Every structure is written in structure tokens, then in C-alpha cells.
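The points are grouped by topic.

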Amino acid sequence: MTDSRNPAAHFLGYRWEDLSCSPLMLYFEVTQACDLVCKHCRASAQPESHPQELGTEKAISLLKQATEFPRKPNVVFTGGDPLKRKDIWHLLEAAVGLGLNTALTPSATPLATWDALRRAKDAGVTALGVSLDGADATTHDAFRGWDGSFARTVEILESARQLGFYVQVNTTITRRNYAQIDALAEMLAKQGIAMWSVFFLVPVGRGQTEERISPEEYEEVFARLWQQSLSRPFAIKTTEAPHYRRFVLRQMEQGKMPLERRRMRSLVGVGDGRGIMFVSHIGEIFPAGFLPVFCGLFPRVSIVDVYQRHPVFLALRQPDRFRGKCGKCNYRYVCGGSRSRAYAVTGDYLAAEPDCVYVSEPDAAPILPDSLRV
């Protein structure tokens, strides 16, 4: 999320080999505190911060350690609501000062004012992640647990556009809203965003009470997303649905995607623990925010050592070890299924993706990420 002129810029130059030693994205959950009660909240956020939340000094130490990776990761300040931290501006300035490309994901509450966003911009934040989970107030507000959240979100998008942020809109797909893909795309086309990240529910935290769509309905949503991607001014990607890459690649293989659209962004096979790392508000290290497999506690252990050497991270970067159809799939290197969803549903992070209908042809040659560099 580095350049509003190029939705693929934050992937430029990344290779499969790089992911073994450096995460592309480091998500730092700076606080669990949030004033919303979202139906799908991974963090089961609370109004107040945790008493063991990493303090300013330790948080900055974490950011300094992030610079020790061979390639500096993009750092996303997330939560909870990052704006609930009193020292958030100091942390943002520290991250930028360390040369880390820095993004912020504020919650759509009264804290996300024009002045707050302006201050983030002045601190050097390049990108905002804004959540929008419905094409209308009724759908979105019910999802977010606050009447007025939809209107506040639209105001944030307007402010972000005026301030010149690279904006990524995050939408969580459940049975509540999966029929609104086209309506959401039409709405977002007027918002000047750079990226639409469509997240597919993982049943963790409060998300365990939400109903995710069926594997067949994934394919319907994928088809709508692909159709929208051919004409919209923003890029589209999925989160916790890497099998969308398989869907898009098959369209390319069949010659159904215009040549000028084929290299819009890299498909280097980024996934949970493979290009992604998550550190919680109390320093817990996980392969992803939605994959709560404990791999160490910062600052007792180094995030660099954990990413490069921990057995869980190593296993997640070896698709041939995946079980069931995922381990045999010819798209396992660029897809590999959602390891988070596999764990949430089966208790095994190497199990087959439970929400994918595709079965690879026997002896089909695997598609390798090296051929898909930007």
C-alpha cells in the first residue's frame, strides 16, 4: 500500500524466495480497545485497553526489530482501534522515521476526525484501511453494531480522498452481504479508492456467530469480483480466500482476461505465515491475525527469528506439506487455501481449505510463483 498510482506497488520486486526470510506485511495490533462491537471481530475488541498492552518503549522496540528483516515489511497499525492509543502519533512517526512503509486502519467512530487523519498524513502514513461491509446503512450498521457507522465511514473515505491517502477498503463477506458485490463495487467506484480487499469470513472471535457462505457461493462471488475487476478504476484482491487467485488464473489461461489487466499485481503466493506476520497488543506472535497459533512472545523472542525459523511458519511455507486436496493441488504454491480457515474449522492449520470446490486434475503440473512476478 505505497502508491495510489499503482495498486501493485507494494508487491513490486517480491519473489517467492523473499517470503522465506521477510514478511511482506507485518500487522501490529497496537491495542484491543475499540468502541465498536462488530459481528465478525477477530479480536473480540473491548472498550478499554488490556493492562498488559505493549507500552510505548516496547512498541518502538518492535518497530526497530522489524527493520532487521532483509527486506523491510509494510507495517499496518491495526486493532481494536489504533486511535484509542494515546501514543499512536508517536508510534506512527517512529515507524516512518525507521523507513517503514506505514498504514493505519482506524475504526469508523467519532475518533476518526479530519484532524486525526490529517495528523496521520503529517506523520508520514501513506495508506488507510477503511472497512465497509454493506452497500447501504442498514446492512453495514447491523454488521458494525452502531447506527451511524455507515455515514461515518463515507465521511472517512471522503476525507481520505481529499488528503491524498492510498485507500484500501476492506469488506467482510458473509451471508448478510454476499449478494451486494455489484452494488458495493458501484459505490466504491465513486470513492477514489486504490484497492478493494474482499475478506472471506474466518470463524474466530465474534466471527464464530456469523454464517459464512458455501463453497459454491464463493465461486459466484469470485465471478462477480472478476467481472468487476475488468472495468473498475481500483484493484481487487481477496483476504483469506487465496483460491480467488486460482479462479483468476484460470480466466487468464482461457484467454478471458484482457492482456493489459494480466499484470496488475503480483501473485507471489502470499498467505498466512508466508509473507504475513501478526503481533498482538500484548506481544503475541502469530502467523496471521486470523490464525491464533502462538509462536512466541515479544520481546522475549525476536520477530525475525520467529518468522524465519519457527516450525509453524516453516510449515506454512511448504505447500507440499498441506493435507488433503490442497497438498496435491496444482495451484498450491500461488493459493494453498486459507490456513486460518482450515485451522478454525478443523483444528489443523495444514488441513485442506474447507471452503473450496476445486479439485486438481491428477498429475497436473504445479503453477510456480516465479512465473507470476510483477
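In the residue classes used here, Ala, Val, Leu, Ile, Met, Phe, Trp, Tyr, Cys and Pro count as nonpolar, Asp, Glu, Lys and Arg count as charged, and the others, Gly among them, count as polar. The model is predicted. Its protein chain has 374 residues, of which 60% count as buried.

**Chain**
- The protein chain holds 12 helices and 9 strands.
- Of the contacts in the protein chain between residues at least 6 apart in sequence, 74% join residues at least 24 apart.

**Second largest cavity**
- Searching the whole structure gives 2 cavities of 30 Å³ or more.
- The second largest cavity contains about 100 Å³ of space.
- Its lining consists of 13 residues, and those nearest the centre are Cys326, Cys329, Cys335, Cys356 and Tyr358.
- Helix H8 (243-253) and helix H11 (324-328) are the elements that give two or more residues to this lining.
- By class, the lining of the second largest cavity has 6 nonpolar, 3 polar and 4 charged residues.

**Helix pair H3 and H5**
- Helix H3 (residues 114-123) packs with helix H5 (residues 149-163) at an angle of about 35°, and their axes are 10 Å apart.
- The crossing of H3 past H5 is right-handed.
- On the H3 side, the contact is made by Trp114, Leu117, Arg118 and Lys121.
- H5 contributes Ile156, Ser159, Ala160, Gln162 and Leu163 to the contact.
- The contact of H3 with H5 comprises 5 nonpolar, 2 polar and 2 charged residues.

How values were computed:
Residues numbered from 1 in each chain as written. Predicted model: local features only at pLDDT ≥ 70, side-chain atom pairs only at ≥ 80, totals over all residues. Heavy atoms only, no water. 1 Å grid on protein atoms, 1.4 Å probe; cavity = no way out; pocket = protein on both sides within 12 Å on 5 of 7 lines; lining within 4 Å. Points joined across faces, edges and corners; volume = space filled by probe spheres on them. Helix = DSSP H or I, 4+ residues; strand = E, 2+ residues; numbered from the N terminus. Axes fitted to C-alpha atoms, helices over the stretch in contact; angles between N-to-C directions. Left-handed = near helix turned anticlockwise from the far one by under 90°. Contact = heavy atoms within 4.5 Å. Buried < 20%, exposed > 50% of the residue type's maximum accessible area, 1.4 Å probe, protein only.
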